[in-house]
Amino acid sequence: MTVSEAPSGPASIPALLARNVANHGDKPAYREKEFGIWQTWTWAQAADEINAMAMGFLALGLAPGDHVAIIGRNRPQLYWSMVAAQMCGAIPVPLYQDAVSEEMAYVLDHCGSRFVVCGDQEQVDKILEIEGKVPHIEQVIYVDKRGMRKYDHSRMNAMADVVAEGRAGHHRFEAELAKRTAALDYNSTCVMLYTSGTTGKPKGVVLSNRNIIETSKNSSEFDHLRPGEEVLAYLPMAWVGDFIFSIGQAMWTGFCVNCPESPTTMMTDLREIGPTYYFAPPRVFEGQLTNVMIRMEDAGRFKKWLFDKYMAVARRVGPDILDGKPVSGADRFSYWLGNILVYGPLKNTLGFSRVRVGYTAGEAIGPEIFSFYRSLGINLKQLYGQTEASVFITQQPDGQVRADTVGVPSPGVEVKIADNGEVFYRSPGTFESYYKNPESTASTKDAEGWVATGDAGFFEEGTGHLRIIDRAKDVGKMADGSLFAPKYVENKLKFYPAILEAVVFGASRDFCTAFINIDLTAVGNWAERNNIAYSSYQELSQHPRVLEMIRGHVAEVNQSVAADPMLAGCQIHRFLILHKELDADDGEMTRTRKVRRKVIEEKFADLIAALYGGKSEIYTETEVTYEDGRKGAIKATLTLADAAVAPAQRMAAE
Amino acid sequence: MTVQVTEGYTTADGRQIGGVMMEMKNITLRFGGVAAITNISFDIREGEIRAIIGPNGAGKSSMLNVISGFYVPQEGEVWFRGAKRPPMKPYQVATQGIARTFQNIALFEGMSVLDNIMTGRLTQMKSSLLSQAVWWGRAQAEETAHREKVEKIIDFLEIQHIRKTPVGRLPYGLKKRVELARALAAEPKLLLLDEPMAGMNVEEKEDMSRFILDVNDEFGTTIALIEHDMGVVMDLSDRVVVMDYGKKIGDGTPDEVRNNQAVIDAYLGVSHDE
């Protein structure tokens, strides 16, 4: 399809909504669990609400081209407010709800929004806190009324009141709204999303209706998504993935978006809804697997035996059955039996009974974790994407799924590898520009539309699948000139349940060192089973037996790294276990939980120096930020440990 | 001690406190020869958060038990909403609109959170035991109505994720919250909290404080609480009664109480040889 031509179909999200109402207005479009019961809105009902909301926005004076900031957990009303804003010719800008107010101040100031839609009191409080810094905020609209009675309402409204006012004044606003909605075309801005910013300040990525609709259309066709699909909307609304799944694809195919009751009930809600199309970052899959394993450790002996026996069967033949490869009749029978006894109930517990298509992306997923889910018969696949591409760059077709690749270019996407190994792409989903930042736009997207991903990778010979090694700028050289790819090693470390996060250092150094974060759930459970007493995260992290366990894991990783002659130099010679979890509130990670190397290197410079200085112990003080923005300090004495290094075939690196 | 108003007052944060809801007049409670409470008088006003504090063994819990009707004082009168209260059984007091939580949690460990909270609606249920047992007619409609009330409280206290969990499996801080939920389910006019924060960590205390303030604010519930954590008491309450050895040694706003010499002595101790 040619990119420049106007489409024959609907050219905006509001137009898609109208189409869905006409085609299947009585089918469920949104559900949310409230007061213990799933409330449903059909497409017709949702459209009615969105219409009233848009007219309410007009009543408050929303102008075309305004940016409307939207902050809160996934709720139908917030999704509707995005579409309502679009109908008014405004641009929705969803923000990360767990961002502290200073981070929000930057984004709100940058996009200059006059309207802010908040989920609840917590978000309203954050906005009021930064009101002084962002004077252009004129209207705050909140969804959840709880605790809001006593606030100064001179520039604040409950969403229900806005909707009611829009309804009451429909004679006044209908014509204006229709005019503005009709003015939307393929080139008008659909949404602006801020990148999480592994480096520097967040950038506002402007995505047009063309970007979103073309991408949604192509990707929906790729996976044969149908109107009957169910998705659970639980990932941050500010993340491009959620926008594509819960708005783009949902509007394009007309499937139902389900919102959980609260973040803590997500697992229960997942089970009740039983989504057919599911997306989760590797972290969620890891967490679920860890939970299953912990519970199996506590199960009776017979159950444990049954689980181990049939999981072995599943590991052997499950993926082949899923891929439709030939499998012997006896194996098919054991798998069938296992499905009745183990996999079926397990999938039901996890909420995956009905998953037809599942995706994971964002980070590398451990091969064991990946194959665990696939062996259960869950069609879990990987994709590679970024905000600037409206998500999709590559994805895995059914039947060609592997843990170590990210698949083939998505429909409509062209991918090329530059000489230095960096991956470039060009697609209908390629973003318009960075908001108020032409320099960055120019340096990221060239005149022909090719976008630099910043990732280094290569196409595998034979299969044509893309493999990503690392961030291009993180790939460096060590002092002896051998290749240094920190993420490659970190990912290997993170595949151990006990290790939550790892940061590897070694650029221009003689050898590599690492910071390790333990996983409190997994290590805590292990400690309980081994009668290890501890009173805090800090104490557990520095326990000698924990240190021994991690030392073993590091040695194993070194073994496997040594097997690759290119990367043998990246073996970890010394490491320490951090006394605190790396946290986005402290700026050590992005809101999407990617480590910020620069920040960590500066913040823990003393620890790195000690690792390279050969000390065996170091006392340190670290500043921490609590969730409410207050600061404190934690003090600790950390043990620095050596790890066994495998003899490498170093010659090959020359 | 200083304020003797009858028409209510306005608190520092601008809430309007109404007239007297409950008045204790010269209460004396003895167990055999031991006097747990000696001649204590104070009042609780509509809409206020009233704290009873004092060192260990001061008679705070006994006082709460007098209010809840569990103990009948030997001397003195209890006035509730303008009428003198005759000696009553605790369940009769409950139907008057007084609900409480306990210092050592008293929930049904084997039952789910939801069922535990539903028991709080018991005083409001009208259908007979038989119709409830066969789940027919009025009982059915009644349970639906009550369930709706209970779900609102679950939402309010943010315990949706443990709705179906047996209480026995819950950590301490959540059990305390469930107990509060059950008390709220009775839609009380007066809520008695016996050491709501005992044994909690700082974060749990902050959560609980928030909920107590929210309950007072959203439902307009009058609250009387016993608490050991001075910081919590001073922040939460509008007026404080201080007891020591069964006697009232102070009564007033947190600031007044904080500067009361008798109270300081009781808490910090004074030398007896002078």
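Guide: Domain bounds come from an automatic or database domain assignment, and for chain A that assignment gives domain 1 (13-279), domain 2 (282-470) and domain 3 (476-653). This is a predicted model, in which local features need pLDDT of at least 70 and side-chain atom pairs count only at pLDDT 80 or more, while totals for chains, interfaces and linings use all residues. Residues are numbered from 1 along each chain as its sequence is written, and chains are lettered from A and ligands numbered from 1 in the order in which they are written.

Visitor: What separates the centres of domain 1 and domain 2 of chain A?

Guide: Taken over C-alpha atoms, the centres of domain 1 and domain 2 of chain A are separated by 28 Å.

Visitor: How do you know that residues of domain 1 and domain 2 of chain A are in contact?

Guide: Contact is called when C-beta atoms, placed from the backbone, lie within 7 Å. By that test, 33 residues of domain 1 of chain A are in contact with 27 residues of domain 2 of chain A. Among the elements that each supply at least two residues of the domain 1 side are helix 4 (101-111), helix 8 (209-222) and helix 9 (240-254) of chain A. Helix 8 of chain A gives the largest share of that side, nine residues. Helices (H or I, at least four residues) and strands (E, at least two) are DSSP runs, numbered from the N terminus.

Visitor: What does A:Ala84 touch?

Guide: Leaving out residues up to four places away in sequence, A:Ala84 touches A:Ile50, A:Met53, A:Ala54 and A:Phe57.

Visitor: Why is A:Gly324 called exposed?

Guide: A residue is buried with 20 or more other C-beta atoms within 10 Å of its own, exposed with 12 or fewer, and partly exposed in between, with C-beta atoms placed from the backbone. A:Gly324 has 9 C-beta neighbours inside 10 Å, so A:Gly324 counts as exposed. A:Gly324 sits in the loop between helix 12 (301-323) and helix 13 (329-350) of chain A.

Visitor: What makes B:Asn26 exposed and B:Glu158 partly exposed?

Guide: B:Asn26 has 12 other C-beta atoms within 10 Å, so B:Asn26 is exposed. B:Glu158 has 14 such atoms, so B:Glu158 is partly exposed. B:Asn26 belongs to strand 3 (residues 20-31) of chain B, and B:Glu158 to the loop between helix 5 (138-156) and helix 6 (172-185) of chain B. Phi is near 45° for B:Asn26, a positive value in a residue other than glycine; B:Glu158 has a positive phi too, near 55°.

Visitor: What makes strand 9 of chain A mostly covered?

Guide: In strand 9 (residues 204-208) of chain A, five of its five residues are buried. A:Gly204, A:Val206 and A:Ser208 lie on one side, with A:Val205 and A:Leu207 on the other.

Visitor: How do you know that strand 8 and strand 19 of chain A stand at the edges?

Guide: Strands pair when DSSP finds at least two bridges between them. Five bridges join strand 8 (residues 189-194) of chain A to strand 9, antiparallel, and two bridges link strand 9 with strand 19 (residues 433-434) of chain A, also antiparallel. A:Val191 stands opposite A:Leu207, and A:Val206 opposite A:Ser433. The open sheet of three strands therefore has the order 8-9-19 in chain A. Strand 8 and strand 19 of chain A each have a single partner strand, so one side of each is left without a neighbour in the sheet.

Visitor: Why is helix 11 of chain A called roughly perpendicular to helix 14 of chain A?

Guide: Helix 11 (residues 282-297) and helix 14 (residues 367-375) of chain A pack at about 75°, with their axes 10 Å apart. Axes are lines fitted to C-alpha atoms over the stretch in contact, with angles running from 0 to 180 degrees between N-to-C directions. Angles under 35 degrees count as roughly parallel, over 145 as roughly antiparallel, 65 to 115 as roughly perpendicular and the rest as oblique. That makes helix 11 roughly perpendicular to helix 14 of chain A.

Definitions and conventions. Contact = placed C-beta atoms within 7 Å.
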